[in-house]
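Okay, thanks for making time, everyone.

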Amino acid sequence: MTSNFEYRYFAMTPEHLTANGARSYGVPSAMTASGKMIGEIDDESIQYRFDLMTRADVSRYGAAKSVNGKEYSEGGINFVAQPDDLLGLCFYGIYGDGTASPGGGAAGYTISGFTHTMKEDRDNVLPSFTLEIGREEKEHMYKGMCINRLSLNCTHGEYVTMSVDFTGKSESGTSSLLATTPSFGGAALDGYHFADGEVKFSEAGATGVESTKIKSINLEYNMNLDTDAACSIGDRTYIRQPEPQMREITGTIEFSDASTTSSTSVPGYDMLLTSGGKLYDGVSGDPAIKLTLTNGTQSLVLAIRKVRWEAPTANISGRDTQSLSLNFVALVDTDNVMSEAIITHTAASTGLASGITYSIA
């Protein structure tokens with residue numbers, strides 16, 4: 001039995017930085033095959049697209065002329081979240097340089113230790129990436145790809161899954177596949193799962209309170225990239241990196257029942273009903289929502305500093321017990337921070353902890 005699985009791969013590489021730290025949009029770093037970040041994804045849907053303009057006139061029963069309009073690429077990837085380079089680059093794509101690790105400026109994306117922290121800053125510059133996708137017969141290259149949306153799905157008894165959507169320049173073309181079998185940087189790692197997960201809440205910056213009644217939690221980061229401003233008269237595809245507009249972080253938490261204790265920070269139906277919604281204003285150490293995920297060795301902590309809860313939703317049926325679903329929207333805190341992502345590794349880890357550096361080629 002023959003197989004083409006060895007010719008399937010997804011490589012993601014940050015694009016060039018200039019000497020002063022500015023980015024050169026759509027110019028891939030000259031990474032060797034061994035230096036490419038190849039991630040373990042479940043599936044991908046990156047596609048070349050264009051707007052087709054057609055003309056009709058009164059003398060014909062249908063359109064007689066057409067031409068391509070804007071050309072671009074878009075699509076996403078789905079994968080199990082694990083502490084490897086793919087996870088790090090995806091979070092790097094929505095946070096920019098951040099603080100502490102990764103290093104910023106001309107050095108690019110650098111991991112020098114085992115704790116990696118990212119959070120919003122008004123000075124951060126979001127990166128663009130070159131994607132190289134092996135599809136059994138040819139490699140497809142997409143330049144200038146930026147992350148527009150990132151979501152996590154955490155459900156009890158399952159792996160934590162991630163979905164990341166990209167948009168960027170039109171496809172650059174096809175080429176030969178990698179000459180060697182792809183090597184995954186996170187091959188020795190396993191994904192995060194909810195079995196050892198923890199969710200804590202803090203209403204006003206007090207010590208976070210853990211809830212043991214959570215069935216699932218979903219988070220979504222939306223950058224709302226302005227793709228129209230990336231185009232110009234005289235060019236069919238993007239000539240500038242699409243800039244982020246208003247950042248949106250939303251989520252949903254499902255509880256196994258609708259009750260809560262008024263003396264704790266754990267949100268519940270009665271609390272949100274009597275207050276007409278609720279504002280949770282946490283602090284850096286004890287944010288409004290703190291989600292900790294592990295694979296037994298490495299961890300991922302996502303902290304949402306300040307949230308506004310929406311109206312609660314509860315229901316029952318003849319088959320299911322009552323559950324409570326709460327939606328929330330993240331707000332910017334007084335220090336201009338909405339969220340924080342912390343990836344922690346051990347010295348025995350591979351993946352991000354291997355000291356990988358993407359820099360000027």
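So, start with Arg 149 and Asp 165: they form a salt bridge, and the closest N and O atoms are 2.7 Å apart. Keep in mind that this is a predicted model, so that distance is computed from predicted coordinates. Where do the two partners sit? Arg 149 is in strand S9, residues 139-155, and Asp 165 is in strand S10, residues 161-168, so the pair ties together parts that are 16 residues apart in sequence.

Now, buried or exposed? Arg 149 has a relative accessible area of 17%, and the cut-off for buried is under 20%, so Arg 149 counts as buried. Asp 165 comes out at 26%, which makes it partly exposed.

Glu 203 is in the loop between strand S12 (193-201) and strand S13 (209-210), while Lys 278 belongs to strand S16 (residues 278-281), so here the parts tied together are 75 residues apart in sequence. Glu 203 is partly exposed, with 25% relative accessibility.

Then there's Glu 254 with Lys 215, a salt bridge at 3.6 Å, N to O. This pair also links distant parts of the chain: Glu 254 is in strand S15 (residues 248-255) and Lys 215 in strand S14 (residues 214-222), 39 residues apart. On accessibility, Glu 254 has 25% and is partly exposed; Lys 215 has 38% and is partly exposed too.

The largest pocket holds about 280 Å³ of space. It is lined by 14 residues, and the ones closest to its centre are Glu 120, Asp 121, Arg 122, Arg 247 and Asn 336. What does the lining divide into? You get seven nonpolar residues, three polar and four charged.

Last thing, the surface. Tyr 48, Phe 50 and Leu 52 make a nonpolar surface patch of about 280 Å². Tyr 48 is in strand S4, which covers residues 47-55. Its relative accessible area is 34%, so Tyr 48 is partly exposed, and the patch rule asks for over 30%.

That's my tour; happy to go back to any of these.

Notes:
Residues numbered from 1 in each chain as written. Predicted model: local features only at pLDDT ≥ 70, side-chain atom pairs only at ≥ 80, totals over all residues. Heavy atoms only, no water. 1 Å grid on protein atoms, 1.4 Å probe; cavity = no way out; pocket = protein on both sides within 12 Å on 5 of 7 lines; lining within 4 Å. Points joined across faces, edges and corners; volume = space filled by probe spheres on them. Nonpolar A, V, L, I, M, F, W, Y, C, P; charged D, E, K, R; others polar. Patch = residues over 30% accessible without salt bridge, like charges linked within 9 Å, V, L, I, M, F, W, Y side chains within 5 Å. Areas by Shrake-Rupley, 256 points an atom, 1.4 Å probe, with all protein chains shown as cover. Salt bridge = Lys/Arg side-chain N within 4 Å of Asp/Glu carboxyl O. Helix = DSSP H or I, 4+ residues; strand = E, 2+ residues; numbered from the N terminus. Buried < 20%, exposed > 50% of the residue type's maximum accessible area, 1.4 Å probe, protein only.
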